Amino acid sequence: MLWSLIKIVLFVVAIAALTWGAGFLLESSGGLQVTVMGTEYSFGPLQSVIAVILLVVAVWLLLKVIALLIATWHFLNGDETALSRYFDRNRERKGYEALSQGLMALASGEGNVALTKAAKAEKYLEKPELTNLLIAQAAEMAGNRRLAEASYRKMVENDATRFVGVRGIMKQKLADGDTDTALKLAQKAFALKPKHEETGDVLLKLQAEKEDWKGARETLNTKLKNGQLPRDVHKRRDAVLALSEAKDVFAVGNSIEAREAAIEANRLSPDLIPAAVMAAHGFIDEGKPKYAARLLKKAWGVQPHPDLAAAFAAIAPDETPSERLKRFAALTKVQPDHPETKMLLAELNIANEDFPQARRSLGNLVETDPTARSVTLMAAIERGEGASDTVVKGWLARALTVSRGPQWICENCQHIHAAWAPTCENCHSFDTLAWKTPPMSEMAMPGGLQMLPLIVGGLEDKSGADAKPPVATRSDIEDAELIDDTDVTSDDLKDPETTVEK
């Protein structure tokens, strides 16, 4: 509305200026004198201006006629498209001008303007390989998904633009949540252009979501051949896919193939904890406990983990607590200062009812790096040494206020998982789970959980000082509910299966 008003005002101003100029020329004296072949012509000021304008128009027409004569001459000499190019030149100029304006509008975020310019460019140029992409992207920006999809489908029909069309429809299906169709389109797009990195990543992610491990490994190998992945990253991800494939085979019931696949996954990536655990169980089932122990010790040296300890315990499930403590020395001597090793030794000594040694094994872990697990172990040690229920409950209350310890966390979205998986259940990203401690977030509660140990009991150390628990978190409250439901006692911890395999 405002622009229309401005144009009207400008038009009136231009007419007024022309009128004033014409009046000024009529009132002026002098003029232009031209002599042609002895004849003299005199022009007034207004006539002079009109004559100059007519001269410019005449020169422009002369140039056009000359260009037409040149095109005709080329046509007569065998150039069959010379005349058509001459008449289409103006249309092309208008078309490319509209195309450039549409691209600028698209870059500026003006979807409707870009759509209008794209339609104009299509009318003048008649080159769908240029205008269909602009129409599709402008339609998407303007919210016209139907027109966008129709433009992408037109691009699929052209060999030069087929990949762009398939990729455009694939993105629309992904936005709609139609992952089945998106997977088929991603496979087709990857076949058309296997060196396109983004399409390969989308295909790999969709194949992992659909648990097509064989297809995902083929895609991963193609990305390696095209130089899109470092060899170490490919090796790690191939191990993840091999492990996932082994789990599927194990679920079907073919345990031999599952064992072989798990062993292959562990060979590809020895630091992959689930692969080491599954491979160890495969060796145990084959009656090769030494191979299992060697594999688990190697994995423990890279990253101590409770699942590795549970698999090591499964090598000899019927041994006594003292026998287990002696056999586990081969594992605990690897990374002896690691918190996981200290807590494992404390659990083994609790099962053996050697509570003073369990306290020594745990060391100062509850002060330097307290977690719900280490604090609960301290409660079991206090109970085993005959401490009062007040002291035990005080330690259990402190478990509410400390970290839950390392867990499987997605490095992409920070979602916490109960067990390892090849893809994140929240953001569906592939191979992003890592065993690490999540950040603690404080939570305000009426009265604060700092008062809880004073209500249920104090924490007494050997010096008689009361321990002061830190601020509680939401995750710690969930742990406390599990602790309260479990009701840990020294009798429960005497069973080696309870201590190690949990």
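Predicted model: local features only at pLDDT ≥ 70, side-chain atom pairs only at ≥ 80, totals over all residues.

Student: Which ring does Trp408 pair with, and how do I read the geometry?

Tutor: Look at the distance between ring centres and the angle between planes; over 60 degrees counts as edge-to-face. Trp408 and Trp435 have centres 5.3 Å apart and planes at 65°, so they are edge-to-face. Trp408 belongs to strand E3 (residues 407-410) and Trp435 to strand E5 (residues 433-436), so the pair links parts 27 residues apart in sequence.

Student: How many aromatic pairs turn up in the whole structure?

Tutor: Three. One of them joins Phe312 and Phe328, edge-to-face at 4.9 Å centre to centre with 75° between the planes. Phe312 is in helix H15 (residues 306-313), while Phe328 is in the loop between helix H16 (321-327) and helix H17 (329-332), so this pair ties together parts 16 residues apart in sequence. Both Phe312 and Phe328 are buried.

Student: Which residues touch the most other members of the largest nonpolar core?

Tutor: Leu296, Leu308 and Phe328, out of 48 residues. Helix H13 (residues 273-285) supplies the largest share of this core, eight residues. There's also a second, separate core of 20 residues, with Leu362 and Val392 among them.

Student: What about charges over rings: where does Arg294 lie?

Tutor: Over the face of Tyr291, 5.3 Å from the ring centre. Likewise, the charged end of Lys123 sits over the ring of Tyr124, 5.7 Å from its centre.

Methods:
Residues numbered from 1 in each chain as written. Heavy atoms only, no water. Core = buried A, V, L, I, M, F, W, Y, C linked by side-chain atoms within 4.5 Å. Buried < 20%, exposed > 50% of the residue type's maximum accessible area, 1.4 Å probe, protein only. Helix = DSSP H or I, 4+ residues; strand = E, 2+ residues; numbered from the N terminus. Phe/Tyr/Trp six-rings, centres within 6.5 Å; stacked < 30°, edge-to-face > 60°. Lys NZ or Arg CZ within 6 Å of the ring centre and 35° of its normal.
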